[in-house]
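Please keep the sequence and the model open while you go through them.

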Amino acid sequence: MMQAVSRRSVLAGAGALIVAFRLSGTHAQTETGTGGSPSKHGLPGSLDDTPRIDAWIRIDASGAATILTGKAELGQGLKTALLQVAAEELKLPLERLSLVTADTARTPNEGYTAASHSMQDSGTAIRNAAAQARELLRDEAARRLGMSAASLQVRGGEVFGTDGKRLGYGELVRDQLLSVDAGQTSRLTSPADFAVMSRPVPRVDIPAKVTGGAAYVHDLRPEGMLHGRVVRPPSYGATLRDCDVARVERMAGIVKVVRDGNFLGVIAEREWAAVQGMRTLAATTNWIEREALPDEADLPAALMNLPSRDTTIHGTGNPGAPGILVEGTFSRPYLTHGSIGPSCALAQLEEGKLTLWTHTQGVFFLRDAIAGMLRMPAENVRCVHAEGAGCYGHNGADDVAADAAILAVAVPGRPVRVQLMREQEHAWDPFGPGMVVKLKATVGADGAIADWHHEVWSQSHMMRPGPPGTLIAARLKSDPFPPAPPVALAQPEGGGDRNAIPLYAIANCRVVSHFVPDMPLRGSSMRSLGAYLNVFSIEAVLDELAVRSNQDPVAFRLRHMEDPRARAVIESAASRFGWTARVKSSENIGFGIGFARYKNLEAWCAVAVEVEVIRLNGAVRVRRVVAAVDTGQIVNPDGVRNQIEGGILQATSWTLFERVTFDRTRVTSVDWSAYPIVRFDSVPGTVEVHLVDRPGDAFYGVAEAAQGPTGAALANAIRDATGVRFYQLPITPARIKKAMDA
Amino acid sequence: MTTLIVNGDSRTIEASPDTPLLYVLRDELGLNAAKFGCGLGQCGACTVIVDGKAVFSCVTPVMVLEGRTVTTLEGIGSRDAPGPMQRAFIAEQAAQCGYCIPGMMMRAQALLNRDPHATDESIEAELQPHLCRCGTHMRILRAIRRAAEEMRPKTVEARTAR
Ligand code: FES
Ligand code: FES
């Protein structure tokens, strides 16, 4: 398998692993925006782009360390995991470490915090940089003490000599000691000696979040701060005919109204005044709208009929082998990210330099996009990451940063905080794209899959900044930027075709990706990209093939699976679930399983569920969920559990409830009543997550591993309970009831 | 001008009387915990306790609160001295992004103040107005059950045994 990160080989180990790095093959356009070119220095993770050790680790005279990462905390527990890795290798107590996250003025550029890449990219870089820093400090101690480095011991931020002499990091670190490029080998701590890694360390960000600390960009309140709100057009491509700016400017507390083409913003001293100014301004606007959206009632047909660029991404054997045929057209609607906190940013222009505090996933890309939009040199724009509510991909974070930038430019010197309204976040979200999968497969007389044909239709899942035209404000301004060109993420990670190639051993197998470049609905990256629907479809068809050929779904999967780590998670989930001994306590009960290795490159995850379908109204009760996960070397076991539990709950919500709605002109699902998500009455009875530990292994991204398997397991369990296969998402009570009444 | 008791202190509010409490708490009083989630009474992120009851501060104009008692998450403990609800959420690591959490905690606190013996079912039912997009639900329920355990008045025997 090709890895974005270099492969490694263990050379030796006596208390430590000495690891050397070898380059992997060619690279393609990636979701993180980095790693797309050949390796520069042959170094692991993001160290390859930023090899200086002190770009990652600084130690001050007191011996405390500052760790710098180009990745961002998104609620996934990244800060804690990176600190654990650094503390482990530096042999420093956790409390002597602090962390600086993505900041264009201070940290390495690590592209987007996306694609479950952060531990591989940044975790790997920091781990190696920390191990090498520790060695440099020890060597310096050896020099000063006149002893051999091998005779010294390092612990608790000090280097100990054989004669009781000791030197602290603070004394050892002199100018430039760490201002060197990382070498080709690192002496990594062996898993047997871990004191901080692989332990459930409490998350460093949680105490502030549960006690009302300033934890989010939303909570920043610099001196002199103003509040901004924007008025968005009612639909894509709407143009502003007229509006009454003067009326709003007369309102109490309003500082300024900004109109630039179709962009409208209000700046006020107080937040509530900004909201009222926005509402008043919106009420005075007249927009020219046009019907540009497809018929939502038949979204799959609309997607399949649009022009597409078609690629056969996988082809083995000869298609058309006979057997029992299963086929289906699977589809998912557009999904919204739906952060509970609408996106927010703070911007300030001082002496021609703009600083933005933002919860973007890519500070460097956003900086370039904003500088482009404002026609400023990039070095005059600084983007500093500050936490937002969970984003699950490309949400309104970048757009609101652009809004704040434009408003801040209108009031030089004053910081301006802008938060989107709920309806703006919902209507203008770069949605997780609607998609279609057509799958056709046969199982032969021997019970093995004889033929497999998978086709997937999707628009781009990668419309993040970079080009200014990815930002709403840049498209609305009087000197608008052209729409950004649609990006097709390439295999092996893929975009809409992510996980479209089955991991199962199938002799005759063909997979075609139809990339739809032009689709009027806005779409971009949402957790797991195309993997959710591809896995959903693959696992549904596998299940049907098993049922139709009288084979057990778990045994059928194992029969076609050669990857031992995949087998291990399937077997572990099945045995912990009690799959073989499962008994339906009533005819309304169903059992289902789903499996995927995320991107066919990252963590392995299997999910088994038990559901009860209430015949009266079609409602689904998820009684229990059991997952097994292999994410390679685990850094924070509780963090991994938290991520997988979250993925299971979120995917349950996508699968059973969620759908963006629109008419021919406007997005209509603009609040939580029109876009229902899971609530407490429909959470599973129990969720169990079992971790397969792989000490000493690489990090494999885990944050998006559960989505596909969970959706599939639910659909398969509903099929088991009702006898009906559902192809169209979401599987709502209304759809279930209709199918069962039929 | 409106006067409220916020976390035990009497506060005179300058904001116009139609201002929702949420904006007063965040923008005028500089409190962080209550969050803007929807402004529509649909998500619970803004929940605080008014006279013992959980309310959506985003849709409660400050004019109806004259002389009343408002408790926010800041009023049930601090980082240095966390209250039982906060300790329980930390112990269960019951947050991902955490944005929904303060609202959940306040509704749970109001429930347990009024019914320390709240059952699992009544906790779940009480939280129905609250949304969490990260899928932290299982941990949130565990944390509230843990807090209930801790907040429950100890029985006579338990008290004398101490
Ligand atoms: S912000 Fe008040 S209920 Fe959503
Ligand atoms: S923890 Fe993120 S919304 Fe609940």
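**Notes on a sheet in chain A and on the interface with chain B**

1. In this predicted model, three strands of chain A form an open sheet whose order is E6-E7-E8, and the pairing is antiparallel. Strand E6 (153-155) and strand E8 (166-168) of chain A stand at the edges with a single partner strand each, so one side of each has no neighbour in the sheet. From one strand to the next, the twist averages 20°.

2. To follow the pairing in detail, look at E6(A) and strand E7 (residues 158-160) of chain A, which are joined in the antiparallel sense over three bridges.

3. Turning to the interface, 68 residues of chain A are in contact with 54 residues of chain B. The area buried between chain A and chain B is about 4,900 Å², and carbon and sulfur atoms give 54% of it.

4. Between chain A and chain B the count is six salt bridges. Glu658(A) forms a salt bridge with Arg133(B), in which the closest N and O atoms are 2.6 Å apart. Across this interface of chain A and chain B, 35 residue pairs are found in polar contact, with both residues at pLDDT 80 or more.

5. Several elements of chain A each supply at least two residues of the side that touches chain B, among them helix H6 (271-284), helix H15 (637-656) and strand E27 (686-692). H15(A) gives the most to that side, with 10 residues. The residues of the side of chain A that touches chain B divide into 29 nonpolar, 22 polar and 17 charged.

How values were computed
Residues numbered from 1 in each chain as written. Chains lettered and ligands numbered in written order. Predicted model: local features only at pLDDT ≥ 70, side-chain atom pairs only at ≥ 80, totals over all residues. Heavy atoms only, no water. Pairing = 2+ DSSP bridges. Helix = DSSP H or I, 4+ residues; strand = E, 2+ residues; numbered from the N terminus. Axes fitted to C-alpha atoms, helices over the stretch in contact; angles between N-to-C directions. Contact = heavy atoms within 4.5 Å. Buried area = accessible area lost by both parts, 1.4 Å probe. Salt bridge = Lys/Arg side-chain N within 4 Å of Asp/Glu carboxyl O. Polar contact = N/O pair within 3.5 Å; in protein donor to acceptor, adjacent residues only side chain to side chain. Nonpolar A, V, L, I, M, F, W, Y, C, P; charged D, E, K, R; others polar.
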